[in-house]
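I opened the two files side by side and kept notes on what I looked up. The entries follow in the order in which I made them.

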Amino acid sequence: MLLEASNLAKAYGARRAVDGVSFQLRAGQTLGLIGPNGAGKSTTVGMLCGLLAPDAGSVRVRGRQVGPGANEAKRCIGLVPQDLALYEDLPAFENLMLFGALYGVPRALRRERAARVLEQVNLQERARDRPSTFSGGMKRRLNIGAALMHAPELLVLDEPTVGVDPQSRNAIFDILERLKGEGCALVYTSHYMEEVERLADQIVVIDGGKVLADDTPAGLQRRLPSQAALRVELAGEPDPVMLDGLRAMAGVTTLQQTGLQLKIGLAQATDALPVMSWLERSGCRALGFATARTRLEDIFLHLTGRSLRD
Amino acid sequence: MTAFLALVRKDLILFLHDRRALLISLALPIIIASFFGFLFGGGGAKGGSAIDIALVLQDTSKTSAAIAAGLKADSSLAVAPMNIDEARAAVGSGKRKAAIVIPAGFGAAAGDALFGGAAKPEIGLLYDPSQPAVLSMVKGMLTQQVMQVVSSEMFGGAAGGREASERSLRALEARPQDADTVALRGVLESVIKYQALPVKEGEAGAKKAGLTTPFTTRDESVSGKGDAGPAGYNAFAHSFAGMGVQFILFMGIEMGTSLLHARRSGVWSRLQAAPVSLSTLLLARAASSALIAFVILCVIFAFAVLVFHVRIASLPGFVGLALCFALVTASFGVLIAAFGKTPEAARGLALFATLMMVMLGGAWLPSFLFPAWLQQAALAVPTKWAIDGFDAVTWRGMDLAAVLPAMGAQLGFALLFAVLAVWRFRKMA
């Protein structure tokens with residue numbers, strides 16, 4: 001096992017930010033850590049990287065305890081913080097050289113690595129430029145590059161795509177997928193569910209400092225009564241009797257009406273066709289149909305609720 | 001060691017890339033120190049600048065003309081003849097610091113008044129209220145000129161002098177003959193006899209001497225040991241020490257607030273996520289700051305040596321002091337980072353503390369102008385030790401041994417700041 005977090009707990013005064021969080025990650029796998037604001041993600045990331053000492057529990061990487069001062073374990077981890085933690089007036093190449101040196105990479109290898117990392121993050125043309133002259137997406141890529149200089153086995157990414165345009169986000173994903181392909185394990189936290197869905201082999205949902213679910217994406221999906229949804233756009237107000245009939249149909253798990261739109265939860269994606277046929281037979285005048293597989297966002301909202309977290 | 005050197009290198013690159021910081025750290029202290037140096041007397045070899053005064057000569061007597069000539073000949077004064085209205089306007093507008101008004105009839109009246117037998121004539125003195133010290137100086141120089149000229153007239157045997165003496169004698173004879181008057185009459189009769197004596201052979205054309213100051217002075221500036229001697233004092237040495245210390249402390253503030261910025265931006269967390277101890281991170285920051293401070297001090301003083309001929313009497317003493325002050329600066333910066341909440345708040349407070357320290361240290365005004373209790377209190381600030389130390393190894397001509405206490409005091413301050421900062425950082429961690 002590459003990473004083992006066992007019963008992690010951390011309190012700030014009376015508030016328990018993390019309360020008994022445990023998970024494991026194998027080498028080369030990607031773990032998505034998701035949760036609403038204030039769920040305890042950043043505190044968990046802080047403990048994973050040795051920035052915070054847990055009040056209870058432990059983090060081990062390759063069997064070595066992680067914590068402030070645990071330098072051997074820290075060498076296995078690369079941290080990509082949510083903030084752009086770079087020296088804005090230090091040329092990109094020098095930023096990479098610095099972070100390489102902090103992890104003890106020998107000078108000759110450091111230069112080679114810096115050149116390779118700049119290529120990995122598509123910034124080789126801007127090696128001598130200062131990050132202060134970069135776009136947001138370029139800074140984000142360099143932020144990732146700085147964590148790669150010591151070739152870590154485990155890369156911890158805390159919302160690495162905040163505030164970037166879709167093109168940059170896509171470029172970052174290409175980088176991460178390449179890293180994953182090269183055998184680097186990732187711990188990825190994000191508010192963007194589609195990002196976690198795209199990358200993660202394992203998803204840990206936390207809220208209120210506790211783990212609500214720890215499963216593969218398919219395993220999480222199985223926890224929901226609906227595996228797919230059918231959206232129907234109606235031409236007119238539906239007949240209540242027809243709606244009751246629809247609710248009673250085999251394969252229909254939920255039914256929501258919003259104005260002239262119906263959202264029909266389906267036990268299986270294959271249930272969509274019989275439901276559409278039934279609607280036609282029942283005289284329902286539909287302008288259009290759309291089917292969708294249940295997304296991670298649905299699972300997330302199902303597990304953590306819909307109330308606002310500020 | 002790799003991490004430590006990389007962190008120091010990073011700080012040096014960042015400092016050299018920051019032109020504003022370079023400008024503030026190098027050009028500003030040199031400009032301001034040069035200005036203060038000129039203001040406080042420059043290189044010391046030349047005398048001070050002459051006092052600009054106006055002279056309103058309303059009397060046409062030889063006595064008044066001689067007084068005017070004496071004033072003009074005094075190198076301490078720059079005399080411009082004017083009428084009374086011009087003089088009043090010039091002093092009022094600050095173009096002249098004072099004006100001397102010699103009224104009509106002054107020459108005759110001064111001779112009559114010398115022995116107290118007649119009313120004393122008045123010389124008008126107009127002065128700028130913002131320059132009260134000038135009034136005393138001008139009064140002193142005027143008194144010297146008037147006494148020399150009038151007494152020379154009285155004792156020198158000129159016709160005017162003898163007539164004045166005889167007029168004074170007649171005035172005394174008209175008074176009630178008390179003991180004082182009788183004695184004064186005796187003096188005047190002797191003076192008249194003296195005036196009647198013929199000029200000796202070989203003194204043709206010479207005048208008999210009048211009253212003069214009964215001494216001359218031999219001026220010797222004492223500035224430390226050895227050959228520092230009379231030309232040792234150089235106002236630039238003090239001004240460069242003061243401004244150097246001030247602006248290097250400003251650099252220390254920037255260093256401290258940059259650590260606070262790093263904490264705010266997440267860079268500090270990222271550094272702590274690396275396998276590097278807190279001590280290494282702080283030590284590297286302090287080392288780079290100390291190195292920068294030391295080099296800046298050397299560059300500033302090199303300019304003073306090359307351009308203003310400031311003399312470094314003890315190179316080991318200077319280097320030792322510069323290194324000690326560089327350590328004070330570095331630990332001061334780390335202290336700011338340790339106790340500051342935000343960069344903005346910390347900068348404001350640190351600027352206030354720095355300005356207080358440099359003021360008490362004598363960077364702006366020499367500390368001997370302070371009251372005694374304040375001079376004692378100033379020993380509690382590191383800048384006082386630094387500036388006094390730099391004065392000692394420059395114009396005072398002292399050697400390394402003489403500045404060891406100043407170096408020791410600064411190392412003490414550096415240690416105190418560092419211990420407080422590390423304690424605070426550990427507490428935060």
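Which residues of α8(B) are buried? I looked through the helix and found Leu188(B), Val191(B) and Gln195(B). I note at the outset that the model is a predicted one.

**Entry: helix α8 of chain B**

I first checked the extent of the helix, which covers residues 179–196 of chain B and has 18 residues. From its first C-alpha to its last I read 26 Å, close to the 26 Å expected at 1.5 Å a residue. I then looked down the axis of α8(B): the buried residues fall within an arc of 55°, so they line one face of the helix. On the face turned away from the buried side I listed the exposed residues Ala179(B), Val182(B), Ala183(B), Gly186(B), Ser190(B), Lys193(B) and Ala196(B).

**Entry: helix α9 of chain B**

I turned next to α9(B), residues 235–265, with 31 residues. Its reach from first C-alpha to last is 45 Å, close to the 45 Å expected at 1.5 Å a residue. How many residues of α9(B) are buried? I recorded 27 of the 31, so the helix is largely enclosed by the rest of the structure.

**Entry: chain B overall**

I noted 16 helices and 4 strands in the secondary structure of chain B. The chain has 429 residues, and 42% of them count as buried. Among its contacts with a separation of 6 or more, 81% join residues 24 or more positions apart.

I looked up the domain division as well: domain 1 of chain B takes 21–43 + 236–428, and domain 2 takes 51–196. I read 56 Å between the C-alpha centres of these two domains.

**Entry: domains of chain A**

For chain A the assignment gives domain 1 as 3–220 and domain 2 as 225–293. I recorded a separation of 42 Å between their centres, taken over C-alpha atoms.

**Entry: the contact between the chains**

I then examined where the chains meet. The contact draws 21 residues from chain B and 21 residues from chain A. On the side of chain B that touches chain A, the elements giving two or more residues are α1 (2–17) and α10 (267–273) of chain B. Which element gives the most to this side? I found α1(B), with 7 residues. By class I recorded 11 nonpolar, 7 polar and 3 charged residues on the side of chain B that touches chain A.

**Entry: confidence**

I closed with the scores. The model has ipTM 0.80 and pTM 0.72.

For chain A I noted a mean pLDDT of 89, with 98% of its residues at 70 or more.

For chain B the average pLDDT is 85, and 89% of the residues score at least 70. Where is confidence lowest among the helices I checked in chain B? I found it in α7 (residues 159–173), at a mean of 75, whereas α12 (residues 315–339) is highest, at 94. I also marked residues 226–231 of chain B, over which pLDDT stays under 50. For that stretch the model has 10 contacts beyond four places in sequence.

Methods. Residues numbered from 1 in each chain as written. Chains lettered and ligands numbered in written order. Predicted model: local features only at pLDDT ≥ 70, side-chain atom pairs only at ≥ 80, totals over all residues. Domains from an automatic or database assignment. pLDDT = per-residue confidence, 0-100. Contact = placed C-beta atoms within 7 Å. Nonpolar A, V, L, I, M, F, W, Y, C, P; charged D, E, K, R; others polar. Buried ≥ 20, exposed ≤ 12 C-beta atoms within 10 Å, placed from the backbone. Expected span 1.5 Å × (residues − 1). Arc of directions from axis to C-beta.
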